[in-house]
Amino acid sequence: MAKENKQFIEDDLTEIFSSGYTGKSHIGTRLLNMITDSKREQCPPFPRQIQVETTNICNHNCNFCAYTLMERPKRHIDRDLFKRIVTESYECGAREIGLFAGAEPLTCKWLDEYISFCKETGYEYQYISTNGALVGHDKFKKILDAGLNSIKFSVNGGDRETYKAVHGKDNFDKVIDNIRFVSAYREKVSQDVYLGVSFVGMPHTIASFDNLKSLISDYVDEILYYEASNQSGQMSEFPDPPYRDCHLPFNKAHFSLEGYMKACCNDYENLLAVESISNMSVKDAWHSKRFRDLRQRHIADDLEGTLCANCIRASKCKPQPLNTELVQHKTFWREEG
């Protein structure tokens, strides 16, 4: 996006779900368009956007993130499985892809290969969110050269001390350096590249936000602020998200690294996994009875017993999996006794 001389934007994405939102954020506008275009019906068309969990490994342990509680085995997606998901989804109409889900995509050694494959397949927009601390300039060169269209750095402390307290690692200076490098190097690739930074605000971190802006506002397209929330009902000590209706089951397809179609990218234990594509096609999984039933529960506001209820209805019941065969570690949801 730098090639288009975009003006720097600061935006509070917490406000996007209010009727009076007037922000100009690139990510905020994309999200708002997805919400507006969502068809809340049992059998919506296959979505234009998919998100694939290339890895569930993260090098940080941010204290607002449900990754710290995850019990699933940590590994990368099988490369052939990834290519099958990408190809079948493209044939169904997908044209945009996120190559991450709740962890650190740069722990995946084949990320640049995956980006190249998606570009060759025909995907028009590829994006990641990263803490930006694991790798150096060479890896960022590779993923930009491969065709990445959008990269958002998650920086949740505006100075070294605050950053370390949140992320659990002393990587603040390295991340700022990587942001500045990406800002310069994106001018050398053929595609426009969006560069943003997000900041999850908490009472003990907000004071450092202005310092972060002073360090990077000349290098990025936008800085996005939003308040910490309950991580899809998995972090009950944080507030509920600022919305009651969720568009994700209706207009975005999520895939776990095991090859499960899910209703949410922020579901760390596959409680919202509906079907395994080892048993059916991607298209059939999208239109499966389990997924249709979940969508109907959203439409009817009948979510109790699901992770969705913990997220957007403040339920305190233990959520049950939509498909028990797809949950490997059951201590999160099994009733005690």
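Predicted model: local features only at pLDDT ≥ 70, side-chain atom pairs only at ≥ 80, totals over all residues.
**Overall architecture**

The protein chain contains eleven helices and ten strands. Its radius of gyration, 19 Å, is close to the 20 Å that the globule rule gives for 337 residues, so the chain is as compact as a globular protein of that length. Further totals for the protein chain are collected in the table.

| Property of the protein chain | Value |
|---|---|
| Box filled by the C-alpha atoms, along the principal axes | roughly 50 × 45 × 40 Å |
| Share of the 337 residues that count as buried | 56% |
| Share of contacts with a separation of 6 or more that join residues 24 or more positions apart | 71% |
| Accessible surface | about 14400 Å² |
| Share of the accessible surface belonging to carbon and sulfur atoms | 47% |

In soluble globular proteins, nonpolar side chains tend to be buried together. In this model the largest nonpolar core has 76 residues, and the members that touch the most others are F82, I151, F153, I179 and M261. Helix α6, spanning residues 172-185, supplies the largest share of this core with seven residues. When neighbours within four places in sequence are left aside, I179 is in contact with F153, V155, L195, V197, I216 and V220. Another core lies apart from the largest one and consists of 15 residues, including A66, Y67, V166 and Y268.

**Helix α7**

Which residues of helix α7 are buried? In this helix, formed by residues 209-216, they are F209, L212, K213 and I216. These residues cover an arc of only 100° around the axis, which means that they lie on the same side of α7. The exposed residues D210 and S214 are carried by the face turned away from that buried side. Among the elements that cover the buried residues of α7 are helix α6 and the strands β1 (9-12), β6 (194-201) and β7 (222-227).

The side chain of S315 forms a polar contact of 2.9 Å with the side chain of E304. With residues up to four places away in sequence not counted, S315 touches E304, A309 and N310.

Conventions
Residues numbered from 1 in each chain as written. Heavy atoms only, no water. Polar contact = N/O pair within 3.5 Å; in protein donor to acceptor, adjacent residues only side chain to side chain. Contact = heavy atoms within 4.5 Å. Core = buried A, V, L, I, M, F, W, Y, C linked by side-chain atoms within 4.5 Å. Buried < 20%, exposed > 50% of the residue type's maximum accessible area, 1.4 Å probe, protein only. Helix = DSSP H or I, 4+ residues; strand = E, 2+ residues; numbered from the N terminus. Rg over C-alpha atoms; globule rule 2.2 N^0.38 Å. Areas by Shrake-Rupley, 256 points an atom, 1.4 Å probe, with all protein chains shown as cover. Arc of directions from axis to C-beta.
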